[in-house]
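Please read the text alongside the sequence and the coordinates.

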Amino acid sequence: MKIEIVVADDILEQAIEAIIKAARTGKIGDGKIFVTSVEQVVRIRTGETNESAI
């Protein structure tokens, strides 16, 4: 299973903590969290860009 989410920088740590709290079983296979930058976001329907499009 793969889940992708995009969050604003100011809530990144909270999002990571929430994922860990929900997913951790302590067994092999709990998964990994990869954090990467998103250069640009465009909401197709409205044309909003970047943080207003998240």
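The paragraphs below begin with how the model was treated and then go from the whole chain to single residues.

The model is predicted, and local features need pLDDT of at least 70, side-chain atom pairs count only at pLDDT 80 or more, and totals for chains, interfaces and linings use all residues. Residues are numbered from 1 along each chain as its sequence is written, and side-chain values use heavy atoms, with hydrogens and water left out.

**Overall form**

The protein contains 1 helix and 0 strands, where helices (H or I, at least four residues) and strands (E, at least two) are DSSP runs numbered from the N terminus. Its radius of gyration is 14 Å, whereas a compact globule of 54 residues would have a value near 10 Å; the radius is taken over C-alpha atoms, and the globule rule is 2.2 Å times the number of residues to the power 0.38. Along the principal axes, the C-alpha atoms fill a box of roughly 45 × 25 × 15 Å. Of the 54 residues, 7% count as buried, a class that means under 20% relative accessible area, with exposed meaning over 50% and partly exposed in between (1.4 Å probe, protein chains only).

**The largest pocket**

The volume of the largest pocket is about 1,100 Å³. A pocket here is an open set of points on a 1 Å grid over the protein atoms alone, where a 1.4 Å probe fits, with protein on both sides within 12 Å along at least five of seven lines, and lining residues have an atom within 4 Å of a point. There are 31 lining residues, and Ile5, Ile33, Phe34, Val35 and Thr36 lie nearest the centre of the pocket. By residue class, the lining divides into 18 nonpolar, 5 polar and 8 charged residues, with Ala, Val, Leu, Ile, Met, Phe, Trp, Tyr, Cys and Pro counted as nonpolar, Asp, Glu, Lys and Arg as charged, and the others, Gly among them, as polar.

**Charged pairs**

Side chains of opposite charge can pair when their charged atoms come close. The whole structure holds 2 salt bridges, each defined as a side-chain nitrogen of Lys or Arg within 4 Å of a carboxyl oxygen of Asp or Glu.

| Salt bridge | Closest N and O atoms |
|---|---|
| Glu4 with Lys2 | 3.2 Å |
| Arg43 with Glu48 | 3.5 Å |

Lys2 is found in the segment before helix 1 (12–23), and Lys2 counts as exposed because its relative accessibility is 69%; Glu4 is exposed as well. In the other pair, Arg43 is partly exposed, with a relative accessible area of 28%, and Glu48 is also partly exposed, at 30% relative accessibility.

**Distances along and across the chain**

Lys2 and Gly31 are 29 residues apart in sequence, and their C-alpha atoms are 9.5 Å apart in space. Lys21, which lies in helix 1, is exposed at 75% relative accessibility, and the C-alpha atoms of Lys21 and Ile33, 12 residues apart along the chain, are separated by 12 Å. Thr46 lies in the segment after helix 1 and is partly exposed, with 40% relative accessibility; the C-alpha atoms of Thr46 and Ile16, which are 30 residues apart along the chain, are separated by 29 Å.

Technical notes:
Grid points are joined across faces, edges and corners, and a volume is the space filled by probe spheres set on the points.
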